[in-house]
Amino acid sequence: MSANAQTEVIKDLSMLKQKEMIARNYDAITSAPETGQKVASTFVPGNLNELINSFGMLNNLPEINAINNGMRKQSGAMIMDAERSGHSEDVCTYVKADIGMMSKGNIAPNGKPMPAPDLLLLSYTGCFTFMKWFELLRKEYNCETVMLQVPYTGDGVVTDNMRDFVVKQLKEEVIPTLERVSGNKFDIDRLRENL
């Protein structure tokens, strides 16, 4: 086999299914202005996809946008644009790729523009970067924002107090915000279906 010969990448069925699901999600998100569906922007760690979907909303995941742009070798210019606009070189490249994507028209992998989110939902479970990232997004989009704080479990033990704290936020802050933004009442049966 010559040095220039290319090997064919064999994709597992799960990889093909994931690609199809991501493409379908991008098509739904970029069609939201026409369909009237509301869009929540949230992060992968600790996401509340099933809850968001139970309100008939779509979910946009900024890290997935950054990964897709990286895989298509487009994030380098986006990161440089974000740095030129004042974001430090030591800021996470996910953040800069997302901010740079906005400056380039916020174009999804399907070639269509991403709509501004109707809601920013931060279910904080990761590094402090997530909170700062959402501050930047809130400033950019000027839309409703809600945060679910998830206690850190360094020892892996979830206490009753931790659970009660999360449930209280869901009932008193997150769900009422999702109801207001989506225009749909919370339906526990629909949530159970999604779960």
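In helix α6, the residues V95, K96, A97, D98, I99, G100, M101 and M102 are buried, where buried denotes a relative accessible area under 20%, exposed one over 50% and partly exposed a value in between, computed with a 1.4 Å probe on protein chains only. The model described here is a predicted one, in which local features need a pLDDT of at least 70 and side-chain atom pairs count only at pLDDT 80 or more, whereas totals for chains, interfaces and linings use all residues. Residues are numbered from 1 along each chain as its sequence is written, and side-chain values rest on heavy atoms, with hydrogens and water left out.

Helix α6 is mostly covered, given that eight of its eleven residues are buried, and the elements that cover these buried residues include α4, α5 and α7. Helices (H or I, at least four residues) and strands (E, at least two) are taken as DSSP runs and numbered from the N terminus. Contact, as used throughout, means heavy atoms within 4.5 Å.

Two packed helices are described by the angle between their axes and the distance between the axes. The axes are lines fitted to C-alpha atoms, for helices over the stretch in contact, and the angles run from 0 to 180 degrees between N-to-C directions. The axes of α5 (residues 75-84) and α6 (residues 93-103) come within 7 Å and cross at roughly 90 degrees; the two helices are therefore roughly perpendicular to each other, a description that applies to angles of 65 to 115 degrees, while those under 35 count as roughly parallel, those over 145 as roughly antiparallel and the rest as oblique. On the side of α5 the contact is made by S75, M78, I79, D81, A82 and E83, and on the side of α6 by T93, K96, A97, I99, G100, M101 and S103. Sorted by class, this contact of α5 with α6 comprises six nonpolar, four polar and three charged residues, with Ala, Val, Leu, Ile, Met, Phe, Trp, Tyr, Cys and Pro counted as nonpolar, Asp, Glu, Lys and Arg as charged, and the others, Gly among them, as polar.

Helix α4 packs against α6 at an angle of about 85 degrees, with the axes 9 Å apart, and α4 and α6 are therefore roughly perpendicular to each other. The residues that make this contact are P62, E63, N65, A66, I67 and N69 of α4 together with Y94, A97, D98 and M101 of α6. They divide into six nonpolar, two polar and two charged.

A search of the whole structure finds one cavity of 30 Å³ or more, and the volume of the largest cavity is about 80 Å³. On a 1 Å grid over the protein atoms alone, a cavity is a set of points where a 1.4 Å probe fits but cannot get out, and lining residues have an atom within 4 Å of a point; grid points are joined across faces, edges and corners, and a volume is the space filled by probe spheres set on the points. The lining of the largest cavity is formed by S41, N60, P62, N65, D98, N106, M114, P115, P117, L137 and Y141, of which six are nonpolar, four polar and one charged. Helices α4 (62-71) and α7 (129-141) each supply at least two residues of this lining.

Several backbone positions have a positive phi. Just after α6, G105 takes a positive phi of about 95 degrees. N106, a residue other than glycine, has a positive phi near 55 degrees; N106 is placed in the loop between α6 and β3 and is buried, with a relative accessible area of 10%. K73, which is not a glycine either, has a positive phi of about 60 degrees. K73 lies in the loop between α4 and α5 and is exposed, its relative accessible area being 75%.

Within strand β3 (residues 119-124), which contains S123, this serine is buried, with a relative accessible area of 4%. When its neighbours within four places in sequence are left aside, S123 is in contact with T42, P45, G46, N47, L48 and L148. V150, in the loop between β4 (144-149) and α8 (160-182), is partly exposed at a relative accessible area of 34%. V150 and Y124 are 26 residues apart in sequence, and their C-alpha atoms are 6.1 Å apart in space.

The protein chain as a whole has nine helices and four strands, and 35% of its 195 residues count as buried.

Note on methods:
1 Å grid on protein atoms, 1.4 Å probe; cavity = no way out; pocket = protein on both sides within 12 Å on 5 of 7 lines; lining within 4 Å.
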